[in-house]
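Visitor: I would like to learn how to read helix packing and pockets in a model. Could you take me through an example?

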Amino acid sequence: MASKESVGYSVEKCPKEYQPYSCNLTDRERSHAKDQLGEDDAIREQALQNMREWIATHPHIRKCRTDPTFLLRFLRARKYNLAEACETLERYLSMRQVFRIWFETLDPEDKYMKQLLATEGALPLGVDKHGRMIALVKVRNFDATKYTCHHLGRFTHMAMEAFYDDEQVQIGGGVAIIDCQDATMAHFTLFKLSDIRNFMECLKHALPVRVQEVHLIGLPRIGAAIGDLILNFASAEMKRRINFHANLSDALKLLDVQLLPVEYGGTQCAREVTERLRDRLAASREVLLLLDELEIDGAPYAGFWNQGKDEDVEFGMEID
């Protein structure tokens, strides 16, 4: 278990002294934060103070990070709407406890996490000209006979957590490119209806991430049925941001090609991108593991999450 001292933050909800914010934003990032989020120095400091006071007196939160970087995840994700940021934090904390198999023990040294990283199936490609983090997922790279949806879910969340504290990502948000070309039926039947529903609920209400665009490429027929379900569970705003492309050529019209791997017509080496991710995860390991010490009384939130009666229904069984 990582020590709090070694990672530089505490999970004490009401510490004697709060960590001050140190601004390392570039002029361009400051401008983006102002234009996109309404953020300036005064608004940021007041919001941090208000959120800390709310956490300190919260009847159900038991342990929580209060450092600026962590709280800014939620404030920036909700564009400084304090009520919405606080609600997202509540649901983030309860989500981690309800879906422990997805969100706990995010250990880069876990054998399955190491194997999934080595597939080069998840590639954080970098930031585009709009300040957005571009991430590529190659579904075909994951062996559907070897890994469960829970392995994939935990790996995905581990990678996302490694970037949540990055202020550039907090401000600019992210773009997900999901390449489904050559994916098989086995890939899609990994997911149950309840898995899809709960993931979308997490994305809408609990994950501190600003999804700017989603590009799904080459979805096969069975995958298209899952795509319909995703749209059904997505918010109206999210639906507008999801793009379906029949093939890579169509997708490339809307993407920054230079950031893509060489096999997609870009300039990056997938192996080098994977090595950068491996290094980032290794550097973040203690922070990732200490997340397991966050704690909330989950009882008041139990009704929010669907742990439904369809838990044993595999999605593939829904397809005619």
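Predicted model: local features only at pLDDT ≥ 70, side-chain atom pairs only at ≥ 80, totals over all residues.

Visitor: How should I read the packing of two helices?

Guide: Two packed helices are described by the angle between their axes and by the distance between the axes. Take helix H11 (residues 193-205) and helix H12 (residues 221-233): their axes are 9 Å apart, at an angle of about 40°. H11 and H12 are therefore oblique to each other.

Visitor: In which hand does H11 pass H12?

Guide: The crossing of H11 with H12 is right-handed.

Visitor: Which residues of H11 and H12 meet?

Guide: From H11 come Leu 193, Ile 196, Arg 197, Met 200 and Lys 204, and from H12 come Ile 226, Leu 229, Ile 230 and Phe 233. By class, this contact of H11 with H12 holds seven nonpolar and two charged residues, with no polar ones.

Visitor: At what angle do the axes of H7 and H8 cross?

Guide: Helix H7 (residues 111-118) and helix H8 (residues 149-164) cross at roughly 75°, and their axes come within 10 Å. Angles of 65 to 115 degrees count as roughly perpendicular, so H7 is roughly perpendicular to H8. On the H7 side the contact is made by Tyr 112, Met 113, Leu 116 and Leu 117; on the H8 side, by His 151, Leu 152, Arg 154, Phe 155 and Met 158. The classes here are seven nonpolar, one polar and one charged.

Visitor: And how is empty space found?

Guide: Rolling a probe the size of a water molecule over the atoms shows where empty space is left. In this model the largest pocket holds about 520 Å³. It is lined by 20 residues, and the closest to its centre are Ala 77, Arg 78, Lys 204, Val 209 and Glu 237.

Visitor: Which helices and strand each supply at least two residues of that lining?

Guide: Helix H5 (82-98), H11, strand E5 (211-217) and helix H13 (236-241) each do. The lining residues divide into nine charged, seven nonpolar and four polar.

Definitions and conventions. Residues numbered from 1 in each chain as written. Heavy atoms only, no water. Axes fitted to C-alpha atoms, helices over the stretch in contact; angles between N-to-C directions. Helix = DSSP H or I, 4+ residues; strand = E, 2+ residues; numbered from the N terminus. Parallel < 35°, antiparallel > 145°, perpendicular 65-115°, else oblique. Left-handed = near helix turned anticlockwise from the far one by under 90°. Contact = heavy atoms within 4.5 Å. Nonpolar A, V, L, I, M, F, W, Y, C, P; charged D, E, K, R; others polar. 1 Å grid on protein atoms, 1.4 Å probe; cavity = no way out; pocket = protein on both sides within 12 Å on 5 of 7 lines; lining within 4 Å. Points joined across faces, edges and corners; volume = space filled by probe spheres on them.
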